[in-house]
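Welcome to a first walk through this protein. Please take a moment with the picture, and then let us look at some of its details together.

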Amino acid sequence: MSVRMAPPLPLILLLMFPGSCGGDGGWAVTYISSHICALEGSSLIVPCTYTYPPGHQVKNVFWTKTTMGTGGEPPNLFNDPEYRQRIQYLGDEEHNCTIRLTHVKQTDSRTYFFRFTTNITNGKWIGRPGLTFNVTDLQVETSKKVKEGDSVTLTCKTTCRLTEATTFIWLKNMKSLRKRTDVNNDKLVLRSVRREDAGIYSCSVRGHNLISPEYRLNVMYPPEKTLAVVSPSGVIVEGDSVNLTCSSDANPPVHTHTWFKEKSSIGSGNIYRIRSIRSDHSGEYKCKVFNDYGMRNSNALILNVMYPPRDVSVSINSSGVIVEGDSVNLTCSSESNPPVHNYSWFKENQTSSVGSGHIFRPLESGWFYCLAQNKHGSQRSAAVPVIFDGGQNVLLYTFAGGTSGLGVLFFIFIILVICKKSQRSDNIRKEQENDLTYQDMSKTDDDHSENIYSNFIPSCSINENVCESPADVDYNYEIYENLDPVHTSSEDDVYCTPDVIYDDPSDDIYTNPNMWRSLESNIFCVAVVMSVRMAPPLPLILLLMFPEVSGGGDWVVTYISTHICALEGSSVIIPCTYTYPPGHQVKDVFWNKTKGRKPPNLFNDPEYRQRIQYLGDKHHNCTIRLTDVKKADSHKYYFGFTTNITGGKYTGTPEITLNVTDLQVETSKKVKEGDSVTLTCKTTCRLTEETTFIWYRNMKSLRKRTDVNNDKLVLWSVRREDAGIYSCSVRGHNLISPEYRLNVMYPPEKTLPVVSPSGVIVEGDSVNLTCSSDANPPVHTHTWFKEKSSIGSGNIYRILNIRSDHSGEYKCKSTNKHGVKYSEALTLNVMYAPRNVSVSISSSGVIVEGDSVNLTCSSESNPPVHIYSWFKENQTSSVGSGQTFSITNTNSSLSGWFYCVAQNKHGSQRSAAVLVIFDGGQNVLLYIFAGVISGLGGLFFIFIVLFVCKMKKQRSNNNGGEQENDSTYQDMSKRHDDHRENIYTKCISVSICESPPDVDCNNDIYQNLDPEDKSHEDVYVTPDVLSDQCRAADGVYTTLELQSRSSEYEN
């Protein structure tokens, strides 16, 4: 038998005096409570006691979760992988069967039984009906949807009634509500709930780490803070696209938005879009919102749409001929928002202004127009004529006009008389060969008017003196004549030029001097059709009196330039002159886009008539102005005119070509940081006028840049700051090119790793590491490193359940096609509760009374443990604190099992208990003496046993059939191999004391009654006395102490 450090005297005495064990009573297991309810994750002590009949000694104890098992024995929880790290036996092998179960789970909910066996055959018992164990979590519940103003009760609910007395703690958005007066333990009462009470609620139990899942309290309320806003904000100009957005605070969200202008409904939806806003969109807008609990109107939103001047017109304060010295005021009127801030006055065919202001006083004759301008644009008016004459000229014109009028009336009277007589002639048709017809009718769009004027010119016979007046013509009809086809005052103007037409050109009274001599014998009639306007009629009268006055030259149309290139949206003046042979008078002028017998006149074309203006005359100037040119205006154009002579018609060839271009910003290559790049403001044709280009970046002028070279912008050693939106324009024009986005490429920079959520990271959290970088093109590869090892890729590296070994230094590497960049180091420091808590003792062996003993608590945690508490087993109150617990001035009453609890801000853990035994000095000597005596006695006892075995062997040779009374003393630990078990089984025999030939029965036999302190090579044998033949004098009793076994064997 081996003699170990623990004193063997109690065991020897127990063996020598076996009658001291046992007592009265029957088999029983008593659970203090038959039902236990515990919180998930908590630790639980299950109190339990057991009894058995006298004469029994407990051989084995364990807990199980079933009453039956394979091989007849139910499974031992101490060996179950699901329990062995969490269960601790706190009882003994006498009457206490208490256990502690830590970190309980919902799967632990079941019925458990305590089981023990004794040294007597069939001495075993299981405690029925068992202990029912329920594990619950926490849930926050309420019974209804909550509307603002209601009262609501939140309940922290468990699936069973907790066994221990509990105090509930309520949290809102993870902040404690301990100061709330409406907290009633497991209930939180919110009276007249407000929207501010909405949030995430949870509950816990004081002293436990378990927190319920989050419960979101959703407080319903009608719409409030309804607001209408316009985007983009700032000045709104006609043509812009505008969004009106209606926002509101409501729960549930608004389901209906209705828009109103003034009091009229105009649309629905939270966004009201106006694609191309007009001035009539100006006004007051509101939106009205609805949800299930009410409605609300927004504030009034005023839209004030700006637009450039339009409907520009000039009014004159005088009519008729203006005598020199009179005062004339021209007033410019327009509609615009904001009002016109600049009025400029121009005289036709002059480029410089002649005045400014709302009212202009001209000092000379001419055609005048005004240009109205505000910050959003400008528009010009139509030109109006102003004619100044001296006083004598007025008298002369008046006299000449009156005389001419009387003469004309008399002349018409004579013609009518002659025509009346000619109606009686029988040979009218024959004598019409020499007819002289004076007729020139203006071609107007009204066929009825044309017929009137054609019919008004009577046919006259020179030889027969016959003039016929059509019956359907009213000769009192007022006939207007206007020699300027551009400045007609109304559609009622009739343009007529009297032409004298003869069958024989030699009969032209203006070209044949013999014709005048024949007037005595021939009657001729001349119908003179003229319009009497404000301008004096004398020049026309003189022109009729002296027809020889005419120019010379050939048919020619001259364009100053045959090609014109203009910017889209600009105004273009196309200079032009024309000549014709002498003797012709221009009857009509026109511009067209095609050649043909009857080409369309641009002055009547809907696409042009509002934009084209004739600046020429009917003599030699054919210049026009075309405004707001479009790309569709790119075409070939021709000027044509007709005269009063038959066949007097001409169209100018070759034509003039107009090209209309926009502006485009272009560059030849992709741009990388450090390159040089040239941006070009490109047109599709070379602009005719001298131009100065203006460059913009992000709509800001670059006029101060020294690298601007008119239509080119040169960026030397381009930087990423040069990236942006570029555009160009031409000075003096409103056209701006489409935006061109300059994209500057560069490798990754400013690579930064960040952790979310930020703050303290606790073991078990889910953590995202995000890598951000400034790069163009964007980073296409992110690689993550811990220390120097690659651990993953992607711009987000996720750790779903972080552990302490995730602590360390992290970096990310960003890569794009132009380079790579490593981030700075990001250090993760994972916090965790204490673990691997253990106690070490400063002394070994028996501690003599008066000695000092230090117990030291060690653990691993982050942050370090800040509280150490010391407890004695089976006591609820602590016996000390601090990492080291010292016991001084000791006495034997302080002996016991001690453990420590280590705690930091993230949790706590307890150590295994260690045994501390104090004895006085006399007891130590007694133990030493008793140990020696017991050792000698043990050796003597073994000698006697061996001798008896030998004797029995000899007797068995003679009586081979006496093995039925054999009794075997054996109890082997299941952890030793079969070879050792066979050795000791064969060796220890009472009935058949036969020594097998392969066994040395003189080997030492080790006996240890403490299974907690057994070493690997220990052999555990408990001799059972079952036979009278081999029994010692008073029997042999063994006891097995299980209370002190270490955690190694709890597994």
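The torsion about the S-S bond of Cys 681 and Cys 728 is about 75°, so this disulfide is right-handed. A disulfide here is a pair of cysteine sulfur atoms within 2.5 Å. Cys 681 sits in strand 55 (residues 677–682) and Cys 728 in strand 60 (residues 724–730), so the pair ties together parts that are 47 residues apart in sequence. Both Cys 681 and Cys 728 are buried, where buried means under 20% relative accessible area, exposed means over 50%, and partly exposed lies in between (1.4 Å probe, protein chains only).

Before going further, a word on the background. This is a predicted model, in which local features need pLDDT of at least 70 and side-chain atom pairs count only at pLDDT 80 or more, while totals for chains, interfaces and linings use all residues. Residues are numbered from 1 along each chain as its sequence is written, and side-chain values use heavy atoms, with hydrogens and water left out.

**The disulfides**

The structure holds 10 disulfides. The table shows three of them.

| Pair | Sulfur atoms apart | Torsion about the S-S bond |
|---|---|---|
| Cys 246 and Cys 287 | 2.0 Å | 65° |
| Cys 332 and Cys 370 | 2.0 Å | about 60° |
| Cys 681 and Cys 728 | 1.8 Å | about 75° |

The link of Cys 246 and Cys 287 is right-handed.

**The overall fold**

How many helices and strands does the protein have? There are seven helices and 80 strands; helices (H or I, at least four residues) and strands (E, at least two) are DSSP runs, numbered from the N terminus. Of the 1051 residues in the protein, 39% are buried. Among contacts (heavy atoms within 4.5 Å) between residues at least 6 apart in sequence, 64% join residues at least 24 apart.

**Nonpolar cores**

A nonpolar core is a set of buried Ala, Val, Leu, Ile, Met, Phe, Trp, Tyr and Cys residues joined through side-chain atoms within 4.5 Å. The largest one has 30 residues, and those with the most contacts inside it are Tyr 31, Tyr 50, Trp 63, Tyr 89, Phe 114, Phe 116 and Phe 133. A second, separate core of 27 residues includes Tyr 559, Ile 564, Phe 641 and Ile 656.

**A cavity to look for**

On a 1 Å grid over the protein atoms alone, a cavity is a set of points where a 1.4 Å probe fits but cannot get out, and its lining residues have an atom within 4 Å of a point. The second largest cavity has a volume of about 100 Å³. Among the residues that line this cavity are Trp 63, Tyr 83, Tyr 112 and Phe 133. Strand 3 (44–46), strand 7 (99–101) and strand 10 (131–136) each supply at least two residues of its lining.

Key. On a 1 Å grid over the protein atoms alone, a cavity is a set of points where a 1.4 Å probe fits but cannot get out, and a pocket is an open set with protein on both sides within 12 Å along at least five of seven lines; lining residues have an atom within 4 Å of a point. Grid points are joined across faces, edges and corners, and a volume is the space filled by probe spheres set on the points.
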